[in-house]
Amino acid sequence: MLLFYLVCPWLFSSEDFTILKEAHSRVRLLAEHDGLSAGSSSKLALQILLEEGWHAYWRNPGDSGAAPIVEWQLPKGYQVSDLNYPLPHRIEMGQLTAIGYEKELLLWVDLAVPQSEELHRGELRKIQISAEWLVCKEECVPAFFDETLTLPVKEESAGSQTSEVFTPLRPLETKRGSFEVLEKELLLELPVSDSSLQMVDLFPFPDLPVSVKKPVFERGVSQIKVRIPLMSAKPVDGNSARFLAVFEDTKTLVKIGFLYEATEQTETLAWMLLFAFLGGLLLNLMPCVFPILALKFYGVFQMEEAEKKEISRAQVYYQIGILVSLWILAGALILIRDAGSSAGWGFHLQSPAFVSFLILLFFLLGLGFLDYLTLPMFFPGSGLTLMSKEGFLGHFFTGVLAVVVASPCTAPFMGTAIGFALTQDALVTLILFTLLGLGLGFPYLLLGFFPSLAKFLPRSGPWMVQFKQFMAFPLFGTCAWLFFVLSSQVEGLRVSSLLGCMVLLSFGIWVFKSLRGWMRSLFLILTLAGLLGLGSVAVKPPAPGSVSKDTLWERFSQAGLDRHLLERRSVFINFTAAWCITCKANEILTFSSDRVQQYLKSSDLVMLKADWTNRDEEIGEFLRRYDRAGVPLYLFYSKGSKKARVLPELLTPEIFLNAVQP
Amino acid sequence: MKACISLTLFLISITAGWTAPEVGKEAPEFELKGHDGKSYSLSQFKGSYVVLEWFNYGCPYVKKHYSPEYSNMQNLQGKWTAPREGKPKVAWLSIVSSAPGKQGHVSAHEASELKISLDAKMDAILLDPKGTVGGLYDAVTTPHMFVIDQKGVLRYQGAIDDQPSARVASLKSAHNFVNETLEALMNGKPVPNPVTKPYGCSVKYKSNWF
């Protein structure tokens, strides 16, 4: 016993501990604070010290043994969270494996004190614990501990005498994973973001018909594949199989655990491939990309008969341009993901500099369509004859441009495919992006291989000039929308300076076209100076938290969410971003609708808004947990439940109300 | 010689992974000496239902079921083994796989004494000190229950009930799986829970210690 005091200096006095001699344990019940404050949460812990050579068990004890059983008797209105365990060890004994603890075991819960206690200050409250745990060496002895803790209701509670026991306690972070049921084993895929963490062990939760022996790990680029033998014919619950994964930081050697909730992989790669292709195809119809496509077709009309044979070569170059750009984009996303940050489609729109660049690009393109300036580089066939050398570069860059202008847009199917792609390893991600690219280039590809189709296109005529000029306006429209995105990222001054840049640009183009000689050079230099000056003002990074106040929505945070759930309130989370058109549509259609507003007035549903317009790690992490690379994502937690229900991307008031009404 | 064969069989059964008995397949045949000196084999009970109960009188979980307060195990044994008109017979075999010197190990004489003192109603306490049959059935805890039907097919394996506590009071609200399985089988209904996770102390085999 003396050894205990020497080894564990944080022990204050042996009077605190109850000695269970036969059960080879010393135990005490601890509270984090010296009182109970209304509306707060306080931790309670059961600290068990085990005699040398004896061990106790984790929630899944392994091949034999028993998990601790803890029951609470609480005053009215109080609630306690699920029991939290420290990271267990593997205790191998012959051919049997136990999962548990040697020396010490600290089990803890979060106690939620109801708001109503405000009116009961000074009163005493009794909290009773009835605990049972099994202690084994070779033989096993059950330990029983029934104890009552009495605490006063206080306005503000200070830390208790043993509060430092509580400081390192944190609930496990939950991540999502997926699994496949193979003939005799379970193939688990767990996404891992931090490359400095090495997985050292994996423990299945109880009720899983799998072996508890240490499984085989295979580290992929951004995920770990685990093979676990199945123990019986009992089916695995496809909805959730939970595992505790223990990682070790390769630098600090500190162990950290994550709770993985795995669901059965139902989305097959085949479907995702189709979705990626369809998404790419439909992207051609989006206002960002449609003008480009239109112009390419327009370019076709412009060609002479002989040149029409060149189309097939042209479309190959165009396709290559698309694919190369998408591969670069995919590569960037994979790198960002592996570096630990969260990224998704649209991540580049989180950078105001890039948004500004896109605005200027679209503006210039629009001006080009209006024939204000000529764009020989990007639009072969829009007035100039095709020269094969120029042809390659021209078409290639048109392909690049198509991807660049597609980036603010997302099409049906595309979101799902990309979301799926980014949870897979690098190769699969690249394949899916390739298919997206093939879909994007498909219309022009058709024309390339079947030039006879060109016959079905309306015959060229003066209407084509008008059509081209008309196409400038969807481009300007995209500019306006991108301004909206920018305005929620940076302050007004910077937005105005960008507008100033656009004015200068237009002026500069006029100067170039209309002036000559020294006048031209002078004004060009002045314009350039002005652009640089205004440009630097426009692209400084935004100040965080510059989002306006909203009465309907509360700002999302993990801590806030946990608090609401502990208070047993229903929570609805809206993951959105300024550039997300679908999100805006849902906002107008559903959240601002009278029916929903009416319902929200009378219900106590908590509405959280997670705005991902600017880089936010917490939000990004949350999105990844649900296999989403981007927004929108709508989650609904019914009263106090730990698992959220995912609502469809396209919301209507009916869908929303059906989901949130009890 | 016999020891060699048994040990080899035991080792083969543990290392060959998927040889653990499967519910829905034929239960492994065995032959063991009982507390009364007689030899018992599984095949001699074909035509009756057979309940196998892994037993260790020193284990607190087994003690809970045998405690005089509820006599849970004794009542369960008595209920099913008692001869009933027109109802199929049920044989109850308690198996001790504890190695010599380990908790729960008993000689034939000690086993007989135990049966009397506990007022237990199993048909026989079978002695498996080498752990062969325990290994054959992949018995991991005491108690660990197996229910075999009249054709010799394994229909249930796992815990005795749904309260993995060592507290005697937990018996009050416990849902017993042996009752549930036998009742379903005898009424021609499907077994609701054919496999559950067994609880209890580890079986004190020769080659491992817990």
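Trainee: How many residues does the contact take from chain B, and how many from chain A?

Mentor: Happy to start there, keeping in mind that this is a predicted model. Both chains contribute to the contact: chain A gives 23 residues, and chain B gives 24 residues.

Trainee: On the side of chain B that touches chain A, how do the residues divide into nonpolar, polar and charged?

Mentor: Let's sort that side of chain B by residue class. Three of its residues are charged and eight are polar. The nonpolar residues there number 13.

Trainee: Moving on to the open sheet of chain A, which strands stand at the edges, and why is one side of each left without a neighbour?

Mentor: The sheet has seven strands with mixed pairing, in the order 15-18-19-13-14-17-16. From one strand to the next, the twist averages 30 degrees. Each edge strand has a single partner strand, so one of its sides has no neighbour in the sheet; these are strand 15 (197-204) and strand 16 (216-219) of chain A.

Trainee: Which residue is the bridge partner of Pro204(A) in strand 18 of chain A?

Mentor: Strand 15 and strand 18 (residues 241-249) of chain A are joined by seven bridges, and they run in the antiparallel sense. Within strand 18 of chain A, Pro204(A) has as its bridge partner Phe243(A).

Trainee: Does Leu283(A) count as buried or exposed?

Mentor: Leu283(A) belongs to helix 2 (residues 269-283) of chain A. Met414(A) is 131 residues away from Leu283(A) in sequence, yet their C-alpha atoms are 8.2 Å apart in space. The cut-off for burial is 20 or more other C-beta atoms within 10 Å. Leu283(A) has 26 C-beta neighbours inside 10 Å, so it counts as buried.

Notes. Residues numbered from 1 in each chain as written. Chains lettered and ligands numbered in written order. Predicted model: local features only at pLDDT ≥ 70, side-chain atom pairs only at ≥ 80, totals over all residues. Contact = placed C-beta atoms within 7 Å. Nonpolar A, V, L, I, M, F, W, Y, C, P; charged D, E, K, R; others polar. Pairing = 2+ DSSP bridges. Helix = DSSP H or I, 4+ residues; strand = E, 2+ residues; numbered from the N terminus. Axes fitted to C-alpha atoms, helices over the stretch in contact; angles between N-to-C directions. Buried ≥ 20, exposed ≤ 12 C-beta atoms within 10 Å, placed from the backbone.
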